[in-house]
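Hello,

Here is the structure I promised to pass on. Have a look at it first, and my notes on what turned up follow below.

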Amino acid sequence: MITITDSASEKIKQLIQKNYTKKVYLRIAITGGGCSGFMKKLIFESEIKENDMMFNIKDCDIIIDNKSALYLSDSMLDYKDTLMGAGFILNIASAKNSC
């Protein structure tokens, strides 16, 4: 299962509170494309689809589709805010290639 750091959890909750008035979930997905053949996607959505799995991790509601779950089982979502920039980082331990 995916792991979420405390900093990622706090940022997810902060973004939801600031930008949404209705219930939303963070979708974590792997799609085709990118230099290694896959792209990582993070998006807030209000609906759960039939092939989605839902997890509550550190009080964050996460949805992952069945296909993406195959790639995300050993992953970690982190959030960094440094002088060089801020953003989420999705590390997948089993990924062989990266850009």
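**Salt bridges and core**

Asp 6 and Lys 58 are joined by a salt bridge between their side chains, at 2.7 Å from N to O. This pair connects distant parts of the chain, since Asp 6 sits in helix α1 and Lys 58 in the loop between β4 (52–57) and β5, 52 residues apart. Asp 6 is exposed, at 52% relative accessible area, while Lys 58 is partly exposed at 39%. Please keep in mind that this is a predicted model.

A second salt bridge pairs Asp 61 with Lys 23, with 2.1 Å between the closest N and O atoms. Asp 61 belongs to strand β5 and Lys 23 to the loop between α1 and β2, so parts 38 residues apart in sequence are tied together. Here Asp 61 is buried at 15% relative accessibility, and Lys 23 is partly exposed at 46%.

Asp 78 also forms a salt bridge, with Lys 80, at 3.3 Å. The whole structure has six salt bridges.

Now to the nonpolar side. The largest nonpolar core holds 19 residues, and Ile 28, Ile 62 and Leu 77 have the most contacts inside it. Two or more residues come from each of α1 (6–19), β2 (25–32), β5 (60–65), α2 (66–72), β6 (75–82) and β7 (85–92). Beyond its neighbours within four places in sequence, Ile 62 touches residues including Ile 4, Leu 26, Ile 28 and Phe 55.

Best wishes

Technical notes
Residues numbered from 1 in each chain as written. Predicted model: local features only at pLDDT ≥ 70, side-chain atom pairs only at ≥ 80, totals over all residues. Heavy atoms only, no water. Core = buried A, V, L, I, M, F, W, Y, C linked by side-chain atoms within 4.5 Å. Buried < 20%, exposed > 50% of the residue type's maximum accessible area, 1.4 Å probe, protein only. Helix = DSSP H or I, 4+ residues; strand = E, 2+ residues; numbered from the N terminus. Contact = heavy atoms within 4.5 Å. Salt bridge = Lys/Arg side-chain N within 4 Å of Asp/Glu carboxyl O.
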